[in-house]
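Please open the model in your viewer and keep a selection panel at hand.

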Amino acid sequence: MVRLIRRGVWFLLGRLVLLLLLLGLVVVVFYEAMDYSNIQIIIKDGMAHRAQTVLGMEDGQDLGKYFQQSFLANDAALILTQQGDSPYRDYTIRGLDHRIEMSFLWVWPWENRCTVSVVERIPAIDGRIRGDKADAAVAAFGPGAVYPPAWQSARYRITLNRENGQWKMQRVDETERLSE
């Protein structure tokens, strides 16, 4: 009888341990999926808003949702845009085709920092030079100057930090310029 009770207790304990391991795995997978989707949205939306700001389609007020202020203060493309030296300053941009490709990413639920490799491309920019600048641009650079210059596609290494439960891009380092 004691042997039967002992076997029953070990059976129940074994099943309880298995259930707890399975539950722990489900929790880790849930938090991993949540972090992955948050990071993916932050990168895609943040890089798109950054490109739209550089192209003159937005004023850049929302960039703080995606980037840390230390990055925004030192981003060369944004600084050129703020100074009025952007190559797109004389163009009216109506739309763009923004594409992001992310490498594999794994973030443990207890980590507050991650790094991911990203390729950003803008294969099409819909816009034209402003009317008062058109004649001078065509005379200087030919008839193709009425369309905005191509965006430089690049591979970036993006470092994100979790601040108060929200992921933000801390660094965006260009690792390779890509030719189309």
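Is Phe67 buried or exposed? Select Phe67: with 1% relative accessibility, Phe67 counts as buried, a term that stands for under 20% relative accessible area, whereas exposed means over 50% and partly exposed lies in between (1.4 Å probe, protein chains only). This is a predicted model, in which local features need pLDDT of at least 70 and side-chain atom pairs count only at pLDDT 80 or more, while totals for chains, interfaces and linings use all residues. Residues are numbered from 1 along each chain as its sequence is written, and side-chain values use heavy atoms, with hydrogens and water left out.

The structure holds five aromatic pairs (ring centres of Phe, Tyr or the six-membered ring of Trp within 6.5 Å; stacked under 30 degrees between planes, edge-to-face over 60, tilted for the rest). Among them is the stacked pair of Phe67 and Phe71, at 4.9 Å centre to centre and 20° between the planes.

Next, select Trp108 and Trp110, another stacked pair, with 5.1 Å between centres and 10° between planes. Trp108 is partly exposed at 35% relative accessible area, and Trp110 is exposed at 59%.

Now show strands E2 (residues 113-129) and E3 (residues 154-163), which run antiparallel and are joined by eight bridges; strands are DSSP runs of E, at least two residues, numbered from the N terminus, and two of them pair if DSSP finds at least two bridges between them. Thr115 has Thr159 in E3 as its bridge partner.

Key. Helix = DSSP H or I, 4+ residues; strand = E, 2+ residues; numbered from the N terminus.
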